Structure formats: C-alpha cells, structure tokens
Amino acid sequence: MGLMDLANPTRFMSFSGRLLPWLGAACALAFAAGLYLTFFVAPDDYQQGATVKIMFLHVPAAWLAMMCYSIMAISSLGTLVWKHPLADVSARAAAPIGAAFTFLSLVTGSLWGKPMWGTYWVWDARLTSVLVLFVMYLGLIALWRTMEDPIRAGKAAAVLTLVGAVNLPIIKFSVDWWNTLHQPASVMRLDGPTIHPTILWPLLTMALAFTLLFLVMHLMAMRNEILRRRLRTLQLGAASTRIAAARPQAAE
C-alpha cells in the first residue's frame, strides 16, 4: 500500500487501526530489551561512572527530535507540492511529539552536562541550535492553534517548517564546523561508530524503542486530528443548517 493509497482518511483510519496494536507491542518489547541492556549489560564509563547511563535517554531523544522535524519537512512538501490530503495532518500531529523529544533532549543533556562539564548550560553551537529547534516547534504549534482555518494554517505552517529545516544540518554538523564544548559525533560517522559494542548495541536498541514510540504516538495523533476535523466539519454543517432555517422566520 503506497502513500497515495492512504490519501483517503477513512482508508488511513482503518489501516492505522490494524497497525497500532502491533506497533505498540513491538515498542514495549524494544523498551524492555533496551532497558535490560542499559542497566544490566552496558558497563559504566571509566571516567563518567554510572552517569553515562543518561546517554541512553539523551541520544535517542536528540535523534528523534531531528527525525520528527525531518518528517514535518517532508510532510510540508506534501502539502505545498503534491497536495496530499494527509500531509498537513501528519505535520501538525508530529509537532508536539517533536517538541517533547527536543525538551527531553535538552533536559537530559543539561543533567549530563553538570557532572561532566561543571555547568548545566553553555551557549555552544550544538546546544544553541537544538534550543532554536525547540523554539521552532513551539512557534509552529502556536501558528496552527492561532489560525482557525486548517487549510490556511497548514500552508502557512508548511512554509515556516521548510524555512526552519535549514537548522537541521546546522545541528548535525555544528560539532564539526565549530570548536564547541559538545563532543563530536561517535555513532553516525562515515568511518563507522567509535564507541564500544557493549555500549553501542544498547544505545541502538533504545533508539529503536524511541522510534517505535514515535510511530505509535504519531499515528494516534493523526487519528485524533482526523476525528477533530470531521467533528469541526459536522459542527459547521449543523451551524449552516440552523442559520438557513432561521432566515425565513426572520424575513416574516
């Protein structure tokens, strides 16, 4: 089944309803395996001790914060270029989830930074660009809620989302372009990961669990948004009917 086959909201609701229980079960299993590997297999760092465990929350949250915005950017292209009826629904549903992952990334990063760097926050390139990403999420959520017409709001948000996508490569390569306090990438590298497999595999398992969690929440949020728009359409139709029925009486 292709993306265009899911353009019909009714067909999407049926497909996502069948998929969600399987995704939820896979997410639970992935988290169980990831947490077991994190607390019983991954060793403490010889310098950081047990505080390194926060990496298994911080790094997947940071990855998902960027992936979520990437999906919003692709959805925005779907809204502006291909006019896909569910593209705007996807982007709007993803925004609060992306904001939550970004907030989790910032908080866990600060908690990790205090024992490692001696401070909760520094205005280095990586941290600042991630904070900008969080502000972008909040701005897009506010834009969607400010405009009553979902079509106009969707187009305006799509343009703003694509403009904000410029920040994604800045986040990814900020540690390479500038000498910052944040450590360079150690997993997503052209020459392969530089961390030991006893830490790498628990980290990848937690990243898989976070990704499945995102998919579950995204599909549920899209279903809620479709139902909300259907309810809005019904309410507008009922209001139009009441106004049409009242006009002859007013004329008399």
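Modeller: Happy to. Let's begin with helix H6 (residues 167–177), whose buried residues are Asn167, Leu168, Ile171, Ser174 and Val175. Buried means under 20% relative accessible area, exposed over 50% and partly exposed in between, with a 1.4 Å probe and protein chains only. Helices are DSSP runs of H or I with at least four residues, strands are E runs of at least two, and both are numbered from the N terminus.

Biologist: How are those buried residues arranged, seen down the axis of H6?

Modeller: They fall within an arc of 150°, so they line one face of the helix. The arc is that of the directions from the helix axis to the C-beta atoms.

Biologist: And what covers the buried residues of H6?

Modeller: The cover includes H2, helix H4 (125–146) and helix H5 (150–164).

Biologist: Before we go on, what kind of model is this?

Modeller: It's a predicted model, where local features need pLDDT of at least 70 and side-chain atom pairs count only at pLDDT 80 or more, while totals for chains, interfaces and linings use all residues. Residues are numbered from 1 along each chain as its sequence is written, and side-chain values use heavy atoms, leaving out hydrogens and water.

Biologist: Good. Back to H2, then: at what angle do H2 and H6 cross?

Modeller: At roughly 155°, with the axes coming within 10 Å. Axes are lines fitted to C-alpha atoms, for helices over the stretch in contact, and angles run from 0 to 180 degrees between N-to-C directions. H2 and H6 are therefore roughly antiparallel to each other. As for the cut-offs, angles under 35 degrees count as roughly parallel, over 145 as roughly antiparallel, 65 to 115 as roughly perpendicular and the rest as oblique.

Biologist: Left-handed or right-handed, that crossing of H2 and H6?

Modeller: Left-handed. That term applies if the near helix is turned anticlockwise from the far one by less than a right angle, and right-handed if clockwise.

Biologist: Which residues meet there?

Modeller: Met66, Tyr69 and Ser70 of H2 meet Leu168, Ile171 and Lys172 of H6, where contact means heavy atoms within 4.5 Å. By class, that's four nonpolar, one polar and one charged. Here Ala, Val, Leu, Ile, Met, Phe, Trp, Tyr, Cys and Pro count as nonpolar, Asp, Glu, Lys and Arg as charged, and the others, Gly among them, as polar.

Biologist: What about H2 and H3, how do their axes sit?

Modeller: The axes of H2 (residues 55–80) and H3 (residues 87–117) come within 7 Å and cross at roughly 155°. That makes H2 roughly antiparallel to H3. This crossing is left-handed, and its contact residues divide into 17 nonpolar, 10 polar and one charged.

Biologist: Next pair: how do H3 and H4 pack?

Modeller: At an angle of about 150°, with their axes 9 Å apart, and therefore roughly antiparallel to each other. The crossing of H3 and H4 is left-handed. Their contact residues divide into 15 nonpolar, two polar and two charged.

Biologist: I keep looking at Phe101 in H3. Is it buried or exposed?

Modeller: Phe101 is buried, with a relative accessible area of 5%. Not counting residues up to four places away in sequence, Phe101 touches Ala61, Leu64, Ala65, Phe210, Phe214 and Met217.

Biologist: And Pro150, which residues does it touch?

Modeller: With the sequence neighbours up to four places away left out, Pro150 touches Asp88, Arg229 and Arg232. Pro150 lies in helix H5 and, at 14% relative accessibility, counts as buried.

Biologist: Now the overall picture. How many helices and strands does the protein chain have?

Modeller: Seven helices and zero strands. The C-alpha atoms fill a box of roughly 85 × 40 × 30 Å along the principal axes, and buried residues make up 40% of the 252 residues. Among contacts between residues at least 6 apart in sequence, 76% join residues at least 24 apart.
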